[in-house]
Every structure is written in structure tokens, then in C-alpha cells.
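Please read them with the structure open.

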Amino acid sequence: MLRVNEIFHSIQGESSHAGWPCVFVRLSGCNLRCAYCDTLYAHEEGQDMTLDQILSRVRRYRCSLVEVTGGEPLIQKDTPLLIERLLKSGYKVLLETNGSQDISRVPSSCIRIVDFKCPSSGHCEANDFENIPRLERHDEVKFVIGNREDYEYARELTTRIETVEKQVTVLFSAVFNGLKWEQLARWVLEDGLRVRLNVQLHKVIWDPHLRGV
Ligand code: SF4
């Protein structure tokens with residue numbers, strides 16, 4: 001059983017899978033309260049659903065890519081079971097997790113997108129760096145950057161990640177309506193970083209305040 005905030009079909013807006021149609025399973029609850037959180041509604045609201053009910057909703061969309069997100073999906077104990085069921089049913093599965101939870105609980109064939117928190121989130125002390133050696137080549141690490149301090153924090157961690165697993169894609173994203181994309185792009189180019197800018201495509205396509213897109 002899982003507490004589910006929403007299940008919807010949209011265009012994947014982030015990661016190296018941006019642009020692909022994707023079914024999102026947004027689970028309820030989060031252990032953090034980031035300053036820029038754009039899914040506050042997922043912290044409390046939701047309904048209990050069995051794994052079979054979730055699978056049946058996902059099947060309706062006839063889409064082979066599924067993202068399990070939140071909130072923070074790994075605070076619910078049955079999330080790894082859901083991911084296992086989705087993988088066994090033939091879906092390509094992405095998991096977006098906030099970096100504070102042990103990703104080794106999730107099957108390694110799931111693509112884990114670990115959103116390590118930068119200082120301006122107010123929660124960088126929650127990052128579990130034991131997750132770095134748990135990363136597989138297909139996994140991705142994301143940093144949401146709000147200022148120069150965040151950028152330098154993310155830059156240092158990127159170096160640390162590269163010494164463990166060079167193939168992991170590192171994504172740099174700007175806090176929405178915070179840091180300017182142009183500024184972030186300049187810093188990345190000046191420092192010659194091998195990271196990918198992660199523009200939130202769903203906020204370009206749809207009204208950025210809409211839910212369920
Ligand atoms: S981890 Fe994600 S869902 Fe939780 S408060 Fe931070 S931004 Fe919001």
C-alpha cells in the first residue's frame with residue numbers, strides 16, 4: 001500500500017529523458033521542506049492505493065516510461081516494491097529522490113535521479129553521501145542552484161562524484177524564478193564543467209503553476 005498524491009501523463013521535463021512522454025506517480029509526504037519547493041501540496045494530500053491499483057492506473061496511459069517522484073518517494077517502505085513491479089511489467093522506470101535516502105533499496109535497473117540539496121534549500125545537511133558509491137552509470141545526479149554558494153557546492157560535489165563514477169550524468173538546474181539561466185550557463189562554461197543544464201521543460205510548455213503536468 002502506498003499513499004499517492006497524483007498519477008498523470010505528461011512530458012518529462014527534467015533529466016536526460018526530458019522531452020519524452022512519461023507517466024508520473026507522485027507519492028505523498030516528504031522528510032524535507034526546501035525553501036523553493038514547488039510540490040508542497042504533495043507533502044500532506046493523497047489517497048492510499050494498492051500496488052495493483054497503481055499499476056492499473058499507469059497501464060491506462062500506454063506509455064513505456066514511468067517516473068516515481070514525490071515528495072520524497074523513499075520515505076514510504078513499499079516504494080521499492082512498486083518500482084520492482086513496474087520494472088517486471090516492462091516499464092523503464094525513473095526515480096526522483098532527494099539525496100537523503102538510501103538508494104540501494106531500489107533495484108539497480110531503475111534509473112535513480114538523486115537530487116542532492118544545495119545550501120539555499122536549507123537542507124544540505126540531509127544529503128547522504130553514502131549514495132555516491134551506490135550510483136550506477138545510468139543514474140543521474142541533480143543540483144538545484146539558487147546562488148553562487150550553491151554553484152560552488154555543486155561544483156565540488158561534481159568533482160567528488162566524477163572520481164567515483166565518471167559516466168553518471170550531472171544535471172545543474174536553476175531555482176525557478178531565482179537564479180538566471182544565463183548566469184548559471186556562464187559559470188558552467190567558465191569552469192569547463194562536464195555537466196548538463198537541466199531546464200524544467202514542463203514549466204516552459206505549460207503554465208508553471210499548473211499541477212498534474
Ligand atoms: S525534497 Fe523535493 S518535495 Fe521535498 S521539500 Fe524538497 S523540493 Fe519539496
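1. Start with the sheet. This is a predicted model. Its open sheet has 9 strands, in the order β3-β1-β2-β4-β5-β6-β7-β8-β9. The pairing is mixed.

2. Which strands stand at the edges? They are β3 (47-49) and β9 (196-197). Each has a single partner strand, so one side of each is left without a neighbour in the sheet.

3. Look next at how β3 is held in the sheet order. Strand β1 (residues 2-11) pairs with β3 in the antiparallel sense, over 3 bridges.

4. Helix α2 touches β1, β2 (21-27), β3 and β4 (65-69). The direction of α2 makes about 10° with that of β1. Helix α4 (residues 148-164) touches β6 (111-116), β7 (140-145) and β8 (169-174). The direction of α4 makes about 165° with that of β7.

5. Now the helix pair. Two packed helices are described by the angle between their axes and the distance between the axes. Helix α2 (residues 51-59) packs against helix α3 (residues 79-88) at an angle of about 45°. Their axes are 11 Å apart. The two helices are therefore oblique to each other. The crossing of α2 past α3 is right-handed.

6. Which residues make that contact? From α2 they are L51, I54 and L55. From α3 they are L81, L82 and R85. By class, the contact of α2 with α3 has 5 nonpolar residues, no polar ones and 1 charged.

7. Turn to the ligand. The residues around the ligand are C30, L32, R33, C34, C37, T39, G70, G71, E72 and N98. This shell divides into 4 nonpolar, 4 polar and 2 charged residues.

8. Two backbone details deserve a check. Most residues other than glycine have a negative phi, and most peptide bonds are trans. The peptide bond from G70 to G71 is cis, with omega near 10°. G71 sits in the loop between β4 and α3. Both G70 and G71 are among the residues that surround the ligand.

9. The other detail is S15. Its phi is positive, near 75°, in a residue other than glycine. S15 belongs to the loop between β1 and β2.

Technical notes
Residues are numbered from 1 along each chain as its sequence is written. This is a predicted model: local features need pLDDT of at least 70, side-chain atom pairs count only at pLDDT 80 or more; totals for chains, interfaces and linings use all residues. A residue is near a molecule or strand if its C-beta atom, placed from the backbone, lies within 6 Å of it. Ala, Val, Leu, Ile, Met, Phe, Trp, Tyr, Cys and Pro count as nonpolar, Asp, Glu, Lys and Arg as charged, and the others, Gly among them, as polar. Axes are lines fitted to C-alpha atoms, for helices over the stretch in contact, and angles run from 0 to 180 degrees between N-to-C directions. Helices (H or I, at least four residues) and strands (E, at least two) are DSSP runs, numbered from the N terminus. Angles under 35 degrees count as roughly parallel, over 145 as roughly antiparallel, 65 to 115 as roughly perpendicular and the rest as oblique. A crossing is left-handed if the near helix is turned anticlockwise from the far one by less than a right angle, and right-handed if clockwise. Two residues are in contact if their C-beta atoms, placed from the backbone, lie within 7 Å. Two strands pair if DSSP finds at least two bridges between them.
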